[in-house]
Amino acid sequence: MWLDGQSDGSVLYVSFGSRTAMSKEQIREIGDGLERSGCAFFWVLKGSKVDKEDKVGIEELLGEGFMERTKSRGVAVKGWVEQEEILSHPAIGGFLSHCGWNSVMEAARHGVPVLAWPLHGDQKVNAEAVEKAGLGMWVREWGWGGERLVRGEEVGDKVREMMSDEKLRRRGREIGEEARKAWEGSGSSQKALMEAIDELKHRNLAAIF
């Protein structure tokens with residue numbers, strides 16, 4: 001596995017879930033941002049909301065030369081991956097995510113800081129929980145549901161900021177330890193973890209409602 005050859009905490013995992021597809025223009029701006037950031041990355045791409053219609057190749061999505069320019073420090077794949085296996089890998093130091101609830105739960109369990117980019121549904125609420133818990137940061141000016149094209153320079157700046165934030169990393173480890181205790185300390189580990197994170201979510205968002 002490519003991650004096995006990377007330093008602990010050095011890799012940004014990028015995924016916007018199995019039901020979210022961004023425009024080709026936005027995908028290329030994200031690619032530009034990852035390139036500008038100088039950080040290692042593992043990027044799971046999706047070119048269409050419907051998998052059977054997702055026939056665009058990686059090179060076409062990312063633009064000519066991207067894969068060659070970043071091959072020494074990045075991997076981009078299409079298709080399904082075992083996300084929790086990736087998030088649990090010691091090389092992963094951050095997660096650029098849409099903040100779907102399952103993704104937030106998995107990031108918390110493994111203590112991985114999140115750069116939140118909510119796109120639809122309850123993801124804004126989840127992003128708020130991530131931010132208030134100290135597990136990550138939410139860049140509100142990036143907008144909602146693709147309402148604006150976020151430029152690569154913006155993405156690169158925030159990726160560098162998150163990946164170099166030691167306070168965020170420490171808090172992530174603390175949350176991961178709390179979540180692991182919940183996971184191990186109940187006859188129903190999945191139920192315990194969900195309850196622990198749900199409590200965290202509602203406690204930190206009480207002021208909103």
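## Terms and overview

A residue is called buried when its relative accessible area is under 20%, exposed when that value is over 50%, and partly exposed in between. The model described here is predicted, and a search of the whole structure finds 14 salt bridges. Side chains of opposite charge can pair when their charged atoms come close.

## Helix α7

Within helix α7, which spans residues 152–163, the side chains of Arg160 and Asp157 form a salt bridge with an N to O distance of 2.4 Å. Arg160 and Asp157 are three residues apart, which means that about one helical turn separates them. Arg160 has a relative accessible area of 34% and is therefore partly exposed, and Asp157, at 38%, is also partly exposed.

Helix α7 also holds Glu161 and Lys158, three residues apart and separated by about one helical turn; these two residues form a salt bridge in which the closest N and O atoms are 3.1 Å apart. Glu161 is partly exposed at 38% relative accessible area, and Lys158 counts as partly exposed at 23%.

## Helix α1

In helix α1, made up of residues 24–37, Arg36 and Asp32 lie four residues apart, about one turn of the helix, and their side chains meet in a salt bridge at 2.8 Å, N to O. Arg36 is partly exposed, with a relative accessible area of 47%, while Asp32 counts as partly exposed at 27%.

## A linked group

Salt bridges also join residues into a network, whose members are Glu128, Glu131, Lys132 and Arg140.

Conventions:
Residues numbered from 1 in each chain as written. Predicted model: local features only at pLDDT ≥ 70, side-chain atom pairs only at ≥ 80, totals over all residues. Heavy atoms only, no water. Salt bridge = Lys/Arg side-chain N within 4 Å of Asp/Glu carboxyl O. Helix = DSSP H or I, 4+ residues; strand = E, 2+ residues; numbered from the N terminus. Buried < 20%, exposed > 50% of the residue type's maximum accessible area, 1.4 Å probe, protein only.
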